[in-house]
Amino acid sequence: MLYPLPEILTDPPRRRLGHQALVLNTDGAVLLVETTYKTGCTLPGGSAERNELPHLAARRHTETETGLVLPLRSILATDYVDARLLPEGVNFVYWGGRLTRAQETTVTRHRPPERIIALHWVQPDRLADTMATDQHRRVTQALTALARGAHLPFLLRGIPAE
C-alpha cells in the first residue's frame, strides 16, 4: 500500500541556490566580480536554471562573467543565508583552481555582460575591503578549507561530476 507523500515533499519551501567559483591567480589573489546589482564584490557565479546541474550552473556563470571555462568538481564551502529581502538561500562555493598566466590573460581580455562593472584580483588580506561581510566570511571559510585540503566531491547520483 502506498501512502501519500508528506507536504514538505510535494510543496517544498522556496529557496535560492547559489553556485559560485573560487578562483586564484598565480599570485594567490581571488577573482571577484563587481556587479550593478550588489553592494561589494562577489565570487563569480549565480543560480541554476530549472533542471540545470548545479556545477554546470556555476561553470556557465563563471564563463559568462569571466571568460573562464573551469572544471568545478569539488565544493569548499556551503553557506546558508536566512530570509531577509529575498527568500532563504544556500550558496555552494566550488573550487575553480589556480590559474595559469594564459588563463589570467583570458580574464583580462574578456568582455563581460553589462551587469558586470569590473573583474578584480584581490589578495585574501584585502577581501574585507571589497566585499560585503557575509560574502567575505564565505570566501574566508572556503580559503581555509582549501588550505586544509578539505574538498568535498560534488556527486551526481553518487558518481563524481565531470
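Which backbone nitrogen lies 2.9 Å from a polar atom of the side chain of Asn25? I looked this up and found that of Ala29, and I then noted that the backbone nitrogen of Asp27 also lies 2.9 Å from a polar atom of that side chain. I take a polar contact to be a pair of N or O atoms within 3.5 Å, where within protein one must be able to donate a hydrogen and the other to accept it, and where residues adjacent in sequence count only if both atoms are side-chain atoms.

Before going on, I record that this is a predicted model, in which local features need pLDDT of at least 70 and side-chain atom pairs count only at pLDDT 80 or more, while totals for chains, interfaces and linings use all residues. Residues are numbered from 1 along each chain as its sequence is written, and side-chain values use heavy atoms, with hydrogens and water left out.

**Asn25**

I placed Asn25 in the loop between strand 1 and strand 2, helices (H or I, at least four residues) and strands (E, at least two) being DSSP runs numbered from the N terminus. Asn25 counts as buried because its relative accessibility is 6%, where buried means under 20% relative accessible area, exposed over 50% and partly exposed in between (1.4 Å probe, protein chains only). Not counting residues up to four places away in sequence, Asn25 touches Arg98, Leu99, Glu104 and Trp121, contact meaning heavy atoms within 4.5 Å.

**Helix 2 and Thr66**

I checked the length of helix 2 and found its end C-alpha atoms 18 Å apart, which agrees with the 18 Å that its 13 residues should span at 1.5 Å a residue; the expected span is 1.5 Å times one less than the number of residues. Buried residues of this helix include His55, Ala58, His61, Thr62 and Thr66.

Thr66, which has its place in helix 2, is buried with a relative accessible area of 0%. A polar atom of the Thr66 side chain lies 2.6 Å from the backbone oxygen of Thr62, and one lies 3.2 Å from the backbone nitrogen of Leu68. Leaving aside neighbours within four places in sequence, I found Thr66 in contact with Leu31, Pro44, Thr106, Val107, His110 and Leu119. Just after the helix, Gly67 takes a positive phi of about 90°.

**Pockets**

I next looked up the largest pocket, with a volume of about 740 Å³, and found 28 lining residues, of which Arg16, Lys38, Leu86, Asn91 and Gln135 lie nearest its centre. Strand 1 gives the most to this lining, with 5 residues. On a 1 Å grid over the protein atoms alone, a pocket is an open set of points where a 1.4 Å probe fits, with protein on both sides within 12 Å along at least five of seven lines, and lining residues have an atom within 4 Å of a point. Grid points are joined across faces, edges and corners, and a volume is the space filled by probe spheres set on the points.

The second largest pocket holds about 260 Å³ of space, and its lining includes Leu17, His19, Ser47 and Pro54.

**Asp129**

Lastly I turned to Asp129 in helix 4 (residues 127-130), which is exposed, with a relative accessible area of 53%. Its side chain is joined to that of Arg126 by a polar contact of 2.9 Å. Asp129 and Gly40 are 89 residues apart in sequence, and I noted 8.7 Å between them in space, C-alpha to C-alpha.
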